[in-house]
Amino acid sequence: MAITKEQIIDALRNVDDPDLKKDIVTLGMVRDVEVNGNDVSFTVVLTTPACPMKDMIQRACENAVKYYVSKEATVKVTMTANTSSQRNGPVLPGVRNIIAVSSGKGGVGKSTIASNLAAGLALQGAKVGLVDADIYGPSAHIMFDVMHEQPKLINVNGRQLMVPVESYGVKILSIGFFTDVNQAVAWRGPMATKALNQLLNDADWGELDYLIVDLPPGTGDIHLSLVSAVPLTGAIVVSTPQNVALADAQKGIAMFRMPTVNVPVLGIVENMAWFTPAELPENKYYIFGKGGAVALAEKMGVPLLGQIPLVQSICEAGDVGRPAVLQQNTPQAIAFLELAGNVARQVAMVNANAGTTAVVS
Ligand SMILES: Nc1ncnc2c1ncn2[C@@H]1O[C@H](COP(=O)(O)OP(=O)(O)OP(=O)(O)O)[C@@H](O)[C@H]1O
Ligand SMILES: [Mg+2]
């Protein structure tokens, strides 16, 4: 009996997307099914290029064809992605998702997380931008080793737009490109909001899967207006295991959930979760406490997106301007990549639940 396309599609109805909890045919992820004798090929279009379950889904597809259709089939699956989005308005039409990285407390590693998340998503094939909106202490230009660069200006349809500076595959705009590092920036709320709006709107971002926004610390008025000024897909809250940081993280989550703000919280990241000395990579010392972030995530009903160890090389990487996620196969790189994958998954779930996921070819 010759294999038919219909048989292949029916077989693939047995393969579920584990996050979206529907089969990949119903989700419209299967394209270009071709059958030539025993040679079967098709494409699976995932909702993010950073999908950590990519290999698993691919194997499930191959197995489904062999099991439900024919053991003799030779299956070629092409895995691609079309990042889901709820945004199709006039604001930043090429940007599919805007994700804020925030913390209640300062100095917990927000910028470190934002940079490594951005570089990690780019490493996995996503188109990524990073906006450093921390007017009080911009750092993205340092963490990506572009502090001596200046965004160029281009004219697009009569508008002057900034061209983000690119480093490690990430398009970057930072307040740091425009302010003197020695000068303490003491802007008031409306100016901060205006500056953030300009970094977002008066820039030539092109097509982006994810635009990461590194916010200044806090849950005050300025912060609230910054958050409300941006059409966010979701927010990530960074905390250390310390109780003071966790209490502020909880305030941060509450702020995003205020009816006037109403931004989905993608989850919590626990930074400096444990200390690991370079010479004893297997050892974990819980110097700031243990278990608090897990408990907070549970209490607030949000995922724990990742736990990042306190290691000297993360700090050094920030100073030399090469994100630690690029230190291949180290515990810190693995932790940051896992975080990036989890963020991508949560974004896909938020978009799917919004029910208005734009499917763009
Ligand atoms: N996991 C880590 N291991 C080692 N050092 C870290 C880690 N996370 C952050 N750091 C270091 O801690 C310092 C503060 O981190 P970072 O600047 O990312 O915090 P922040 O929350 O953005 O601070 P601010 O509130 O001032 O914006 C930096 O020197 C950074 O390199
Ligand atoms: Mg910062």
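Entry 1. I count a salt bridge where a side-chain nitrogen of Lys or Arg lies within 4 Å of a carboxyl oxygen of Asp or Glu. With that cut-off I went through this predicted model and found one salt bridge between domain 1 and domain 2. I then looked up a pair that meets the definition, and noted that Asp19 forms a salt bridge with Arg345, with the closest N and O atoms 2.8 Å apart.

Entry 2. I turned to the division of the chain, where domain 1 covers 5-81 and domain 2 covers 98-352. To the contact between them domain 1 contributes eight residues and domain 2 twelve residues. I read off a buried area of about 800 Å² between domain 1 and domain 2, with carbon and sulfur atoms giving 66% of it. On the side of domain 1, I noted that Asp19, Pro49 and Ala50 supply 54% of the area buried against domain 2, more than any other three residues. I also looked up polar contacts across the two domains and found two residue pairs; sorted by class, the side of domain 1 that touches domain 2 has five nonpolar, two polar and one charged residues.

Entry 3. I moved on to ligand 1, which 18 residues surround, the closest being Gly107, Lys110, Ser111, Thr112 and Pro309. Checking individual atoms, I found an oxygen atom of ligand 1 at 2.8 Å from a polar backbone atom of Lys110, while a nitrogen atom of the ligand lies 2.9 Å from a polar backbone atom of Pro309. For Asn271, I noted an N or O atom of the side chain 2.9 Å from a nitrogen atom of ligand 1. Taken alone, ligand 1 exposes 630 Å², and I recorded that the protein buries 78% of that.

Technical notes
Residues are numbered from 1 along each chain as its sequence is written. Chains are lettered from A and ligands numbered from 1 in the order in which they are written. This is a predicted model: local features need pLDDT of at least 70, side-chain atom pairs count only at pLDDT 80 or more; totals for chains, interfaces and linings use all residues. Side-chain values use heavy atoms; hydrogens and water are left out. Domain bounds come from an automatic or database domain assignment. Contact means heavy atoms within 4.5 Å. Buried area is the accessible area (1.4 Å probe) that two parts lose on being put together, summed over both. A polar contact is a pair of N or O atoms within 3.5 Å; within protein, one must be able to donate a hydrogen and the other to accept it, and residues adjacent in sequence count only if both atoms are side-chain atoms. Ala, Val, Leu, Ile, Met, Phe, Trp, Tyr, Cys and Pro count as nonpolar, Asp, Glu, Lys and Arg as charged, and the others, Gly among them, as polar. A residue is near a molecule or strand if one of its heavy atoms lies within 4 Å of it. Accessible areas come from the Shrake-Rupley method with a 1.4 Å probe; for residues, only the protein chains shown count as cover.
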